Amino acid sequence: MPPGSAVVKKALFRDMVPSEKPRAAKAARGSWPANPYADDCPTRLVLDRIADKWTVLLLILLSRRPWRFNELRREIGGLTQKMASQTLKGLERDGLVSRKVTPTVPVTVEYSITPLGRTLSETVDALRIWAERHMGDVAKAQVQYDRTKAGTV
């Protein structure tokens with residue numbers, strides 16, 4: 001198996017989970033014990049989505065205003081067309097983002113945040129703020145860790 005292919009398979013599987021899956025079905029009915037530490041808890045589906053860096057960055061931008069697909073790609077450095085498309089489709093499926101197609105030449109596709117997505121964007125923006133404030137501390141900790149572990153294998 002080529003390096004990184006497991007990551008691709010996981011990402012593709014995550015976005016293609018059919019609604020008949022037990023966790024998704026339980027979540028739809030609202031009848032489950034909310035225990036994210038249990039392997040069958042539907043909370044994990046949501047945590048899996050929001051733990052992704054592209055999800056966080058897209059939700060933050062979409063909370064500010066509607067964006068066209070290519071605007072989002074230009075604004076977020078390193079976001080490939082494939083990852084943008086895959087992430088936005090997943091967010092749309094989860095009810096966090098809406099997609100509006102305008103029949104122009106070329107076709108115009110605009111994404112905006114839904115009311116449900118807005119409730120999440122406030123939370124993920126706090127993660128961005130934390131990361132900005134503490135990236136220096138994390139970098140120092142990594143250097144210190146690497147120095148101490150360099151000779152101990």
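Leaving aside its neighbours within four places in sequence, which residues is Gln81 in contact with? The contacts are with Phe69 and Arg73, where contact means heavy atoms within 4.5 Å. Gln81 lies in helix α6. Along the sequence, Gln81 and Phe69 are 12 residues apart, while their C-alpha atoms are 8.9 Å apart in space.

The structure is a predicted model, in which local features need pLDDT of at least 70, side-chain atom pairs count only at pLDDT 80 or more, and totals for chains, interfaces and linings use all residues. Residues are numbered from 1 along each chain as its sequence is written, and side-chain values use heavy atoms, with hydrogens and water left out.

The chain contains 7 helices and 3 strands; these are DSSP runs numbered from the N terminus, with helices (H or I) of at least four residues and strands (E) of at least two. Read from the N terminus, the order of elements is α-α-α-α-β-α-α-β-β-α. Of the 153 residues in the chain, 27% are buried, that is, under 20% relative accessible area, as against exposed at over 50% and partly exposed in between (1.4 Å probe, protein chains only). Among contacts with a separation of 6 or more, 42% join residues 24 or more positions apart.

The strands come next. An open sheet is built from 3 strands in the order β1-β3-β2, with antiparallel pairing; two strands pair if DSSP finds at least two bridges between them. β1 (67-68) and β2 (97-102) stand at the edges with a single partner strand each, so one side of each has no neighbour in the sheet. Between β2 and β3 (residues 108-113) there are 6 bridges in the antiparallel sense, and the two strands form a hairpin with 5 residues between them. Within this pairing, Thr102 has Thr108 in β3 as its bridge partner, and Arg99 stands opposite Tyr111 in β3. Helix α4 (residues 53-64) packs on the sheet and touches β1, β2 and β3, its direction making about 95° with that of β3; axes are lines fitted to C-alpha atoms, for helices over the stretch in contact, and angles run from 0 to 180 degrees between N-to-C directions.

Helix α4 also meets helix α6 (residues 81-93): their axes come within 10 Å and cross at roughly 70°. The two helices are therefore roughly perpendicular, the term for angles of 65 to 115 degrees (under 35 is roughly parallel, over 145 roughly antiparallel, and the rest oblique). On the α4 side the meeting residues are Trp54, Thr55, Leu58 and Leu62, and on the α6 side they are Met83, Thr87, Leu88 and Leu91. Thr55 is buried, with a relative accessible area of 1%. Beyond its neighbours within four places in sequence, Thr55 contacts Arg49, Ile50, Thr87 and Leu91.

Leu58 leads on to the core. Not counting residues up to four places away in sequence, Leu58 touches Leu72, Ile76, Leu79, Thr87, Leu88 and Leu91. The largest nonpolar core has 23 residues, and those with the most contacts inside it are Leu58, Leu59, Leu62, Leu72, Leu88, Val97 and Tyr111. Such a core is a set of buried Ala, Val, Leu, Ile, Met, Phe, Trp, Tyr and Cys residues joined through side-chain atoms within 4.5 Å. Two or more residues are given to this core by each of α4, α5 (69-75), α6, β3 and α7 (115-149), and the largest share, 7 residues, comes from α4.
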